[in-house]
Amino acid sequence: MQAESILPAQAKLGEGALWNPETARLYWVDIEGRALHVFDPATGEDRRYPTGKRIGTVVPMRNGHALVALQHGLHELDLDTGQFTRLADPLTDEYLRFNDGKCDPAGRFWVGTFDLQGRAHAGALYRFDPDGSTHVMLRHVTNSNGLAWSLDQRTMYYIDTATRAVRAFAYDPATGTIAAPRVIIRIPEGSGSPDGMTIDAEGKLWVALWGAGRVHRYDPETGALLQSVQVPAPFTSSCAFGGPELKTLYITTARAGLTPQQLQQYPLSGNVFAARPGVAGVPAYFFGG
């Protein structure tokens with residue numbers, strides 16, 4: 001299956017795709033372009049919110065605002081006025097920045113970090129709760145990326161890109177604790193690096209493979225590869241189901257880091273793509289429960 005370009009964004013580093021089912025808009029970010037985007041596929045309008053700093057990810061809030069992870073801080077963004085309000089900033093290392101993140105079934109925001117100098121194991125995975133408290137959930141992370149929760153809310157799936165694997169943790173929705181990590185999917189060398197991730201209504205995982213121009217569907221029980229969506233842009237970074245009945249898979253990509261020859265070969269790099277893979281997604285969780 002081939003994904004088609006639906007938004008000629010030409011983003012430097014598109015990431016953080018997430019569908020807001022209440023507004024029927026696709027949230028996504030351009031990390032190096034330093035902007036949040038809110039895209040309406042029905043009209044083609046893509047509203048840009050400059051952030052001034054790198055932005056790692058975005059999730060919707062119950063009050064209609066957006067919660068964004070900027071390079072050094074979690075901020076509430078009023079989408080009507082464009083005003084930012086800082087809520088928390090647990091990072092003290094200037095070379096760490098927030099990267100991918102999602103809300104769990106109880107409305108807590110999980111977000112990890114990435115080291116701008118490329119240091120291994122320098123990052124962490126944080127949990128930011130609606131009461132304003134911040135908790136370190138994992139340490140020694142290199143490049144914190146995809147997150148998803150199983151349909152029965154008993155398992156959290158997580159990607160640290162450098163491990164070339166998807167891990168499953170026992171997850172308690174009441175307390176927000178995780179335990180007993182195990183590897184459930186391994187990405188072979190030469191097959192791209194696991195980046196963003198989402199889950200479908202059948203409980204299967206979709207993983208964007210950075211460097212491979214693909215999004216793969218896996219069975220989390222067996223680790224088997226079930227389906228592949230090809231993207232004419234090698235740096236596929238994140239994916240999210242949205243649109244009517246959540247049957248469209250939206251995919252972000254990047255241009256930064258490609259050689260001039262690669263850009264000539266893949267001129268659509270940095271655009272937002274879409275495919276209809278024959279399965280629906282599940283609604284995203286909002287911050288605040």
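## Polar contacts of Asn145

A polar contact is a pair of N or O atoms within 3.5 Å; within protein, one must be able to donate a hydrogen and the other to accept it. In this predicted model, the side chain of Asn145 makes such a contact with the side chain of Asp195, at 3.4 Å.

## Setting of Asn145

Asn145 belongs to strand S14, which covers residues 144–149. Is Asn145 buried or exposed? Its relative accessible area is 2%. The cut-off for buried is under 20%, so Asn145 counts as buried.

Leaving out residues up to four places away in sequence, Asn145 touches Glu15, Asn99, Asp100, Tyr158, Ile159, Thr161 and Asp195.

## The cavity

The model has 1 cavity of 30 Å³ or more. The volume of the largest cavity is about 50 Å³.

Which strands each supply at least two residues of its lining? They are S2 (14–20), S6 (55–60), S10 (96–103), S18 (193–199) and S22 (236–242).

By class, the lining has 5 nonpolar, 5 polar and 2 charged residues.

Conventions. Residues numbered from 1 in each chain as written. Predicted model: local features only at pLDDT ≥ 70, side-chain atom pairs only at ≥ 80, totals over all residues. Heavy atoms only, no water. 1 Å grid on protein atoms, 1.4 Å probe; cavity = no way out; pocket = protein on both sides within 12 Å on 5 of 7 lines; lining within 4 Å. Points joined across faces, edges and corners; volume = space filled by probe spheres on them. Helix = DSSP H or I, 4+ residues; strand = E, 2+ residues; numbered from the N terminus. Nonpolar A, V, L, I, M, F, W, Y, C, P; charged D, E, K, R; others polar. Buried < 20%, exposed > 50% of the residue type's maximum accessible area, 1.4 Å probe, protein only. Contact = heavy atoms within 4.5 Å.
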